[in-house]
Amino acid sequence: MCGIVGCIDYTGDPAIGQDVLRAMTQTMACRGPDAAGTWSAPGNNAAFMGHRRLAVIDPQGGAQPMVLDTPAGPLVLTYSGETYNWRELRSELNSRGHSFRSECDTEVVLRGYLEWGSDVVDRLVGMYAFALWDGRSDRLVLVRDRLGIKPLVYHRTPNGVVFASEPKALFAHPQVTPRVGTLGLHELFNFVKTPGRTIWDDVQEVRPGTVVTVDREGLRERVYWSLSTTEHRDERPATVARVRELLTVSVTEQLEADVPLAVLLSGGLDSSALTALAAGGPAASTSGPVRTFSVDFTDHADTFTADELRGTLDAPYVRKVAEQVGSAHSDIVLDSALLADPRVREAVVRARDCPAGVGDLDASLLELFRAVRREATVVLSGEGADEIFGGYRWFHLPEVQQADKFPWIAMSSPSSPFSHPAGLFTPDLNRALDLPGYTAGNYADALTEVEHLPGDNEHTRRMRVLCYLHLTRHMQQLLDRKDRISMAVGLEVRVPYCDHRLLEYVYNVPWEMKASHGREKSLLREAVRDLLPETVVDRTKSQYPTSQDPRYAAALLRQAGELLADGQSPLFDLVDRGWLREATAQSPEQVQGPVRRGLERVLDLATWLRVYRPEIRLS
């Protein structure tokens, strides 16, 4: 896992030189703490590539940018991520006459491009984002993995393009300004990740499963993978067996690393299944017990109150799994003072380049990753299982299934994190944004992408839509969050459920088989039942934990009160001062649900405005 940057200018502008490249590359030091490298093209073109490395495979031989000289010009690769089937591809390339200098996947991708051109992407299995300068044709190729696990953004200039793993690197380039317009605020506040868009003006994402090619003629996109609908022919026993097989293959492939590896264990079905498969994998007998980590809060057992999203504490289930599989387990216990620390909030905002507004959900994740990184470099995570197997509660509510809107937004509940408290934004901002209208337009656009089979009944069609929306809109938010926060501390998170082969298969399994007898994730439960304690297999979904310590709420109130004293803050161009005054008049015990979410949003916004100083323009 690494950070990549670069810029191409076809006029050969000498102002875009090594100093700019080094500044851009340095912003990615968090993603690649182990090494740094740069490359620039000789001649009339200004082509610059930078790389920060987190060494996971072949620490000695995988330096980047990696250059392969050819008689017609160099091929130069700056690469982030992991290609899990690199050994098979290397063997095939060997048979075609290629020889290798290293034992890493980066060189396999580079030589794969030499052999197959950009069609190499069809052969890759993994999570990756990379940029390749083809000096034979003065062409830049930008590639992102099928599911968008690894980020890659770019800014078009009059004479080329600037690209990077994260927007912060683009802002180190003199032609890129941190500017946010109405469209960006829509993306920031609407709880839906639109493929290809960021919150920043003139900064686009390479879409998942897409190749972007830049040359003197301009920029072109080619989609090499997307979700497709096919008829599912397997009976239930064969389907269960196939899910188990695909998941086992994915976990086995993702256990390869030349550095310490662990598993994030919450005691839920998803992470517990990964833990059991990792503990019983081929490397288990030689590398000792698998390491597992979980997050908890000081006095959580005393302050916990069950709600619709979190029905049970994680700790008892974590212990059951750790004991059964024999993992070397560590609980990372966090206190409210740390979760509310403004320095932690700023670190989160810098990691995500935006004010996500989810408070301790991000703060605890950052501090969990920071603690894990002291003992491991790579961890497996259960991200994506709920989207793939239908694990969220709202999948199963008739009123949500029938609602003409994104399902996670359609779930009307005080505990739902997908709404803003009434009155949070200024009247001017509400009028300018019309968030309900923007979200409805996004929803309508997404519906046009869904393929259906002839003969599908209305319920089948509707559940396919819900699954598609989660995989292409909801999961993108979670994958971006997990990548950005983990890489802020130099930790590589792998997501075995997001293997495209598993996702393609399960997406086309009929809903009645995914949720037989009305039980969420019944297909996954059956596929891994023999691996886990019965109480864990049958545990109802409980989402990532959040602190219920009133001392955390008290800290939010105190910090928000300090903002109110600042009469000149640009925050109040967006947030209604009256709402904040009313919210801060409440007691810590009253700061729950919408009020707490609003305070967390306000504090994140204030931090972002102070750190990034974005130019905000409403049209």
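Select glutamine 548 and show what surrounds it: leaving aside neighbours within four places in sequence, glutamine 548 is in contact (heavy atoms within 4.5 Å) with Thr303, Phe304 and Thr305. This is a predicted model, in which local features need pLDDT of at least 70 and side-chain atom pairs count only at pLDDT 80 or more, while totals for chains, interfaces and linings use all residues. Residues are numbered from 1 along each chain as its sequence is written, and side-chain values use heavy atoms, with hydrogens and water left out.

Stay with glutamine 548, which sits in the loop between helix 23 (534–537) and helix 24 (550–564). Helices (H or I, at least four residues) and strands (E, at least two) are DSSP runs, numbered from the N terminus. The side chain of glutamine 548 reaches the backbone nitrogen of threonine 305 at 2.5 Å. That is a polar contact: a pair of N or O atoms within 3.5 Å, where, within protein, one must be able to donate a hydrogen and the other to accept it, and residues adjacent in sequence count only if both atoms are side-chain atoms. With a relative accessible area of 24%, glutamine 548 is partly exposed; the scale calls a residue buried under 20%, exposed over 50% and partly exposed in between (1.4 Å probe, protein chains only).

Next, select asparagine 508, in the loop between helix 20 (500–507) and helix 21 (511–514). Is asparagine 508 buried or exposed? It is buried, with a relative accessible area of 7%. Not counting residues up to four places away in sequence, asparagine 508 touches Ser228, Thr229, Thr230, His232 and Arg464. A polar atom of its side chain lies 3.2 Å from the backbone oxygen of serine 228.

Move on to arginine 144, in strand 7 (residues 139–144). Arginine 144 is buried too, at a relative accessible area of 3%. Which backbone oxygens can you find by its side chain? One belongs to lysine 150, at 2.7 Å, and another to valine 206, at 2.8 Å.

Five of them form an open sheet in the order 16-15-14-17-18, with parallel pairing; two strands pair if DSSP finds at least two bridges between them. The edges are strand 16 (328–334) and strand 18 (492–494), each pairing on one side only.

Buried residues in helix 6 include Val240, Val243 and Leu247.

Finish with the cysteines. How many disulfides does the structure hold? There are 0, a disulfide being a pair of cysteine sulfur atoms within 2.5 Å. The sulfur of cysteine 104 is 9.8 Å from the closest cysteine sulfur, in cysteine 2, too far for a bond. For cysteine 354, the closest cysteine sulfur is in cysteine 30, at 15 Å, again too far for a bond.
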